[in-house]
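Please look over the structure below before reading the notes. They are grouped by topic.

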Amino acid sequence: MFDLPARSRLPAGPGVGYKPQHFSNIIDRADPVEWLEIHAENYMGDGGRPIAQLRALAARFPLSVHGVGLSIGGEAALDREHLARLKHLVGWLDPAAFSEHLAWSTHDGAFLNDLLPLPYTRATLDRVCDHVDQVQEVLGRPMLLENPATYLGFAETEMDEIAFLAAIAGRTGCGLLLDVNNVFVACTNRREDPVAYVDRFPLHLVGEIHLGGHDDDRDDAGLPLLIDSHGREVADPVWALYARAIARGGPKPTLIEWDNDVPDWPVLAAEAGRAATILGGVPA
Amino acid sequence: MNGPFAAALLDPARERPAGLTGPGGAPAGRRFDVYRNNVAVSLTEALERGFPVLARLLGPEFFKAMAGVFLRAHPPRSPVMMGYGAEMPAFLETFAPVAHLPYLPDVARLELALRRAYHAADAAPLDGAALAALPPDRLLALRFRFAPAVQLLRSDWPVHGIWRANTEPGAPPPPKSAQDVVILRPDYDPAPHPLPPGGGAALAALIAGRTLAAAAEAAPGCDLPALIALLLAGGALTDAEEAR
């Protein structure tokens with residue numbers, strides 16, 4: 001078993017997803033941003049500018065490595081070559097945290113480049129736990145597992161998402177990454193109460209929080225269908241949910257994710273500042 | 001469950017998988033199409049980023065439609081997306097709607113090579129001054145090691161001119177003649193350079209580990225001093241040793 005500090009050594013302040021176009025904005029002075037997150041798969045080349053920038057950032061900021069390609073929730077065995085690449089990256093970078101998703105993306109050797117949903121059953125629970133065990137064993141460190149944004153459910157599902165995540169954490173010793181925007185998106189899409197979800201979430205297991213923007217759509221019946229787009233500011237109800245989680249669980253490392261239509265640095269820094277204000281309003 | 005889900009994601013004509021639900025257990029309906037759309041859009045955007053000159057030559061609408069065919073035939077085989085699209089040149093060679101544009105596969109090869117060069121391992125370049133001091137007979141006996149970023153593309157088309165005309169405002173129209181191209185990455189920005197006549201054959205010999213004398217023999221008429229100067233300026237050579 002791992003204790004929470006081992007799962008995340010990130011500071012309990014605001015971070016942002018690193019975008020290369022912001023390199024010159026942040027390398028000297030990034031406040032209020034205290035740490036950065038990178039997508040692991042973008043730094044699996046052999047060298048060149050991406051690796052050089054990452055080395056420079058690592059000398060200056062605590063880093064979080066966020067994987068988007070392991071397919072931990074998939075039926076197939078984990079890709080050993082990909083695990084080896086991840087081990088290499090995490091090995092030389094020694095980031096303050098490593099996280100991945102409760103989702104799948106690879107089937108029959110094809111990588112579908114999206115975070116796809118899985119039913120929550122005893123069989124999928126066993127498989128996800130085996131995969132998390134394998135990742136933690138190969139990397140030699142605990143990981144954080146992120147709650148997904150989902151657009152549909154499965155008739156065969158027999159456990160609720162929080163029970164599923166808590167069972168994985170209990171069996172594998174992994175921590176959790178609470179994506180508050182994903183909570184809002186998935187609960188709205190299921191017609192469930194996101195406040196009740198956040199209030200039930202085991203915050204003592206949370207080593208990192210994600211906040212991002214979403215888009216509004218409608219399904220065939222005209223019901224709200226929110227899309228996790230990471231292409232705009234964090235929505236007000238998501239900020240309110242976040243403040244509620246921080247008030248109950250205390251300050252946590254908090255990431256602003258903005259991956260599409262990436263804004264100029266001051267806009268992103270202002271979002272991080274909003275998180276800093278909420279983090280600063282509660283005792284540590 | 002992953003199998004039918006994945007198959008329906010990649011094939012819009014296929015029925016949505018059974019057992020997917022919306023609120024209250026109602027059928028998921030077009031909620032599944034969010035995933036379908038995410039997969040197609042994200043892979044199409046990856047191809048647009050990876051092949052900007054191809055996209056420019058074909059126009060955005062045609063490229064998007066072609067990307068839709070490509071991504072279904074060749075979904076990524078690895079989560080490391082920087083390598084996605086390696087099958088594009090071979091795909092273009094047999095994709096009937098572009099049969100009248102026979103230079104496209106080499107444009108795709110050039111764009112793939114630029115991406116490989118961008119992510120290639122760093123290497124400390126050889127100091128050209130040491131070479132300049134060698135007498136000609138010893139110089140001709142040299143073989144070289146190349147930086148991992150160096151990429152040679154031999155083409156039957158003016159592929160450098162086509163690339164330049166579509167990336168550089170005010171660039172001249174492509175020449176009529178074929179061009180061999182070398183990609184060099186002196187710092188972090190890879191750039192393609194057209195090779196002088198015979199330069200492709202000479203460079204291929206050098207990359208294969210043959211001596212300068214053998215390269216001169218493989219490419220009579222090639223201006224070898226000019227080629228070596230280009231390679232040195234581009235940080236392409238990392239070591240030299242005399243053949244015994």
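The points below cover helix packing and two loop residues in chain A, then the domains of chain B.

This is a predicted model, in which local features need pLDDT of at least 70, side-chain atom pairs count only at pLDDT 80 or more, and totals for chains, interfaces and linings use all residues. Residues are numbered from 1 along each chain as its sequence is written, chains are lettered from A and ligands numbered from 1 in the order in which they are written, and side-chain values use heavy atoms, with hydrogens and water left out.

**Helix packing in chain A**

- Helices (H or I, at least four residues) and strands (E, at least two) are DSSP runs, numbered from the N terminus.
- The axes of α4 (residues 80-93) and α5 (residues 122-139) of chain A come within 9 Å and cross at roughly 45°; axes are lines fitted to C-alpha atoms, for helices over the stretch in contact, and angles run from 0 to 180 degrees between N-to-C directions.
- That angle makes α4(A) oblique to α5(A), where under 35 degrees counts as roughly parallel, over 145 as roughly antiparallel, 65 to 115 as roughly perpendicular and the rest as oblique.
- A:Arg80, A:Leu83, A:Leu86 and A:Lys87 of α4(A) meet A:Gln134, A:Val135, A:Val138 and A:Leu139 of α5(A), a contact being heavy atoms within 4.5 Å.
- For α5(A) and α6 (residues 161-172) of chain A, the axes come within 10 Å and cross at roughly 45°, so this pair is oblique as well.
- Residues of α5(A) that meet α6(A) include A:Leu125, A:Val128, A:Cys129 and A:Val132; on the α6(A) side, A:Phe164, A:Ala167 and A:Ile168 are among them.

**A:Asp228**

- A:Asp228 lies in the loop between β12 (224-227) and α9 (236-249) of chain A.
- Its relative accessibility of 21% makes A:Asp228 partly exposed (buried is under 20% relative accessible area, exposed over 50%, partly exposed in between; 1.4 Å probe, protein chains only).
- A:Asp228 and A:Val185 are 43 residues apart in sequence, yet 6.8 Å apart in space, C-alpha to C-alpha.
- Leaving aside residues up to four places away in sequence, A:Asp228 touches several residues, including A:Ala149, A:Tyr151 and A:His214.

**A:Asn147**

- A:Asn147 sits in the loop between β7 (144-146) and β8 (153-154) of chain A.
- A:Asn147 is buried because its relative accessible area is 0%.
- Beyond four places in sequence, A:Asn147 touches residues including A:Glu161, A:Leu165, A:Asp179 and A:Tyr197.

**Domains of chain B**

- Chain B is divided into domain 1 (1-101) and domain 2 (120-244), with bounds from an automatic or database domain assignment.
- Taken over C-alpha atoms, the centres of domain 1 and domain 2 of chain B are separated by 37 Å.
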